[in-house]
Amino acid sequence: MIFTLGKVAGHISAELHGDPECEVSDISALQSARSGQISFLSNRKYYRYLRHTKASAVIIKRDDLEACPVSALLVDDPYLSFAGVVKLFHPDPEIVPGIHPSANISSSAKVDSSVTIGPNVVIEDNSVIGSGTFIESGCVIQSDVSIASNTRLYPNVVLCHAVVIGSRVILHPGVVIGADGFGIANNKGVWTKIPQIGTVIIEDDVEIGANTSIDRGALENTVIEQGVKIDNQVQIGHNVHIGAHTAIAGCVAIAGSVTIGKHCMIGGLSAINGHLEIVDNVVITGCSAVGNSIKSPGTYSSGIPVTEARLWRRIVARIKKLDDLAKKVAKLEEMIK
Amino acid sequence: MIFTLGKVAGHISAELHGDPECEVSDISALQSARSGQISFLSNRKYYRYLRHTKASAVIIKRDDLEACPVSALLVDDPYLSFAGVVKLFHPDPEIVPGIHPSANISSSAKVDSSVTIGPNVVIEDNSVIGSGTFIESGCVIQSDVSIASNTRLYPNVVLCHAVVIGSRVILHPGVVIGADGFGIANNKGVWTKIPQIGTVIIEDDVEIGANTSIDRGALENTVIEQGVKIDNQVQIGHNVHIGAHTAIAGCVAIAGSVTIGKHCMIGGLSAINGHLEIVDNVVITGCSAVGNSIKSPGTYSSGIPVTEARLWRRIVARIKKLDDLAKKVAKLEEMIK
Amino acid sequence: MIFTLGKVAGHISAELHGDPECEVSDISALQSARSGQISFLSNRKYYRYLRHTKASAVIIKRDDLEACPVSALLVDDPYLSFAGVVKLFHPDPEIVPGIHPSANISSSAKVDSSVTIGPNVVIEDNSVIGSGTFIESGCVIQSDVSIASNTRLYPNVVLCHAVVIGSRVILHPGVVIGADGFGIANNKGVWTKIPQIGTVIIEDDVEIGANTSIDRGALENTVIEQGVKIDNQVQIGHNVHIGAHTAIAGCVAIAGSVTIGKHCMIGGLSAINGHLEIVDNVVITGCSAVGNSIKSPGTYSSGIPVTEARLWRRIVARIKKLDDLAKKVAKLEEMIK
């Protein structure tokens, strides 16, 4: 597809510095763009590439106009505007509604006529699939599931019994929603399973990454509010409630009965202990362990970045004796006073 | 379903304080229960909800009788008794034996006539499926696998060649058992694959959470003893041996050739280094790293809970210089002596 | 299969100390080997088993010849040589080419006549599958994917649109390659999805463990160079580039736009923050968090091994006050000077 810079600028409401008739045919990263391509600068780590870019035009902030050697499209948020340009050049392919003959759909399921269902999909009794939803190969929708409209399930997603999915939800391959929570009670050394009779409610505009699993509630439901974005391989336990527009990076582990507020951001490989509450607008940086409820907005951390291993081994030995060290210092203070 | 409190009390051998003819029709959490529902109090965090509960009856310990404003069922372990009540109100749905016509079953496989097999299930050569087992849609059972009786495989589980599964085992969606272990040997900078010729043995009454993977042994077998409960997204390496009735929370990573005793509990997102031994009755709290064998029962930790990020950055800088700090303190001690 | 020790020694170019006509029929671990079996000693943790082994022969280094009570095959790298012996006794089963009738293959896909395709496999439009490749049950190959020759996909692998896979690649069950990266831009509190239009390139001789996910690039491609070995449940974000012959253990989380050099080793449950660069020949030990680029080869760590929990709680309290402690020490130094 080919667009003029004028057309692109109009599409993202940018102020164009350059020839509006100049044609661009694709998008690319600053360092690899060629003539005829459009790029963007958002992360300051890539600022060094701006001066030498071969792109025909770059989407930037006004502050970077001086440094831009080619045509510029000035916007407030280049990353966000860039998203709009990507969609312009790479529109979603049209999906033809229809049900693949190898799909197994219960006669009691209600599937809208505008739905697209791929090979080997299984839809069990009484499930309801809304308009424009696209369910790809190998997905399994168990009984009494409800999916609203324009939702997309990539291949091999599993939705367990009675799960409720909103509109415009995106579920990547291997996602499992509604498996039993880890509910066990100890009976003289032997674990008894606690039946998990709640379900999972995923609200509108949620996106969930590959191989992530979200457990059904024990009694109450597990709830993911609208606009939440979850990366790959995240584990969300039973009865968790995640507030709207919170973003959770890869490999995060959230134990059961945790409540997370709206507009939070949780960094990768962090963990949140069970039965805690986190208020709105909390940022947890990567590799952190949340061990108590967080009652004030702000940024919280406990990850330790790497050091050269020989030094780290000495540090670990010192950490293990930190209680002694503190006592020594207290004693010294006492002696000198 | 409707039961009288007398009937419920009898079912869990509870001492009833209240009207045995009072009818209850469902169960619910303390804070959301309505009249006609029964609830329970186990975790002390929810004690504050007891005084105001609208439940018709609550399963509690004798000590909480005074604080209970409604009918009470006194038991030793409310969480455990609650499990029995859940099963009373929510019995497992009956499963009709039979093989879905879309299943692909090798003519050399032996499938008991009481087995239930869902759509698109694949069972390869010489595998044996015992009575009452339920294999849901999209599961793949490779050759020479053996599954005993009354085991349940949720959708899209993969059992690799020659894996052995006991009775009453529950495998949640996306579980992979018996993939090759991570056996590689370095040959002048290039990795050579070590063939993995052991298998995996899962004993009776084991439950394994969604998207968990358990590797086959390199030479010996990987063994999960009876009654072990494993949460979602756990990774268990080759030749690991886990003792009976141990419980492992989500996202734990267990490296190869680890031996874990019986009745252990491993907290979420913990890691256990390769070739270690952990004795019976060990508790590892969440986000801990086990770097040496553990030879005594007890509780072990190395997770650090989060702090406000600005303070944490200063602490990390101090940790990185902890060896210097300790040396300074030693010097001060020397000077003052 | 039965071989003489002479034949085995020749196969791995070992110096045999013992009867070349002695017959062995299988391989086993040192501690469990019986007469007629061959074993090996590589990890020093198992040295104690050498003296008492019942194996007929052991593959060892020259230094261990004195301690070996049975026939010995002397080699430079017993673990590597052992791999060759395993293949001798356990050759890969022959795979018969052919396409299972339940597979759904687009008429525009190009599938070599020597390919083996299992039940319920889906291959979408324009994908190309090279000679000798084996695609097992339930795999989904989306449109425009390219797979070279002699590659193996275990069951339920998903390859998304336009992914490129090399030769002799091994993908274990549940692997997802090419799902959308976690690209979101915040628009007044609401997340906008950034379309992910790059793809994933997996070069020759790569092995990827069960339930691992590798995201497609946002603009550029995600690239895994030749000979890289990745364990189970690893998460690799968009635009990551991993150099040849690097090995990554289980549950590692690599955020977007990370570049890792050749011949690196990353320990289990480690995390690498986004947009970092790691040079060749770097070792990251398990449970470490990489927070800055690593510019020199070497070994790096930040994991802390467990301590008895009661002591650890005191240590954590001291860590939280480490900044104060350091200030106290500085003050003491000032006073004593």
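Reader: What makes strand S40 (residues 307-308) of chain A and S39(C) count as a pair?

Author: In this predicted model, the two strands are joined by two bridges and run in the antiparallel sense. The rule asks for at least two bridges, so S40 of chain A and S39(C) qualify as a pair. One residue to look at is Thr307(A), whose bridge partner in S39(C) is Ser301(C).

Reader: And how do you know that strand S39 (residues 298-301) of chain A pairs with S40(B)?

Author: By the same test: two bridges join S39 of chain A to S40(B), and at least two are needed, so they pair. These strands run antiparallel. Within S40(B), Glu308(B) is the residue opposite Tyr300(A).

Reader: Let's turn to chain C and chain A. Why is the link between Glu207(A) and Lys193(C) called a salt bridge?

Author: The N to O distance between their side chains is 2.7 Å. The cut-off is 4 Å for a Lys or Arg nitrogen and an Asp or Glu carboxyl oxygen, so Glu207(A) and Lys193(C) meet it. Across the interface of chain C and chain A, the rule finds three salt bridges. Polar contacts link 24 residue pairs between these chains, with both residues at pLDDT 80 or more.

Reader: Which elements of chain C build the side that touches chain A?

Author: Those supplying at least two residues each include strand S21 (176-179), strand S22 (184-187), strand S23 (190-193), helix H3 (309-320) and helix H4 (322-336) of chain C. H4(C) gives the most, with seven residues. By residue type, this side of chain C divides into 38 nonpolar, 27 polar and nine charged.

Reader: How do you know how much area is buried between chain C and chain A?

Author: What counts is the accessible area that the two chains lose on being put together, summed over both, so the value of about 5,600 Å² covers both sides. Carbon and sulfur atoms give 66% of that area. On the chain C side, Phe182(C), Trp191(C) and Arg318(C) supply 12% of what chain C buries against chain A, more than any other three residues. In terms of contact, 74 residues of chain C meet 67 residues of chain A.

Reader: What makes the link between Glu207(B) and Lys193(A) a salt bridge?

Author: Their side chains come to 2.7 Å, N to O. On the side of chain B that touches chain A, helix H2 (78-89) and strand S40 (307-308) of chain B are among the elements that give two or more residues. The most comes from H4(B), with nine residues. This side of chain B holds 36 nonpolar, 18 polar and 13 charged residues.

Reader: Finally, how do you know what symmetry relates chain C to chain A?

Author: Two copies of a chain are related by a rotation about an axis and a shift along it. Here, chain C superposes on chain A by a rotation of 120 degrees with 0.0 Å of shift along the axis, at an RMSD of 0.0 Å. That is the relation of a three-fold axis.

Key: Residues numbered from 1 in each chain as written. Chains lettered and ligands numbered in written order. Predicted model: local features only at pLDDT ≥ 70, side-chain atom pairs only at ≥ 80, totals over all residues. Heavy atoms only, no water. Contact = heavy atoms within 4.5 Å. Buried area = accessible area lost by both parts, 1.4 Å probe. Polar contact = N/O pair within 3.5 Å; in protein donor to acceptor, adjacent residues only side chain to side chain. Helix = DSSP H or I, 4+ residues; strand = E, 2+ residues; numbered from the N terminus. Nonpolar A, V, L, I, M, F, W, Y, C, P; charged D, E, K, R; others polar. Least-squares fit on C-alpha atoms with pLDDT ≥ 70 in both.
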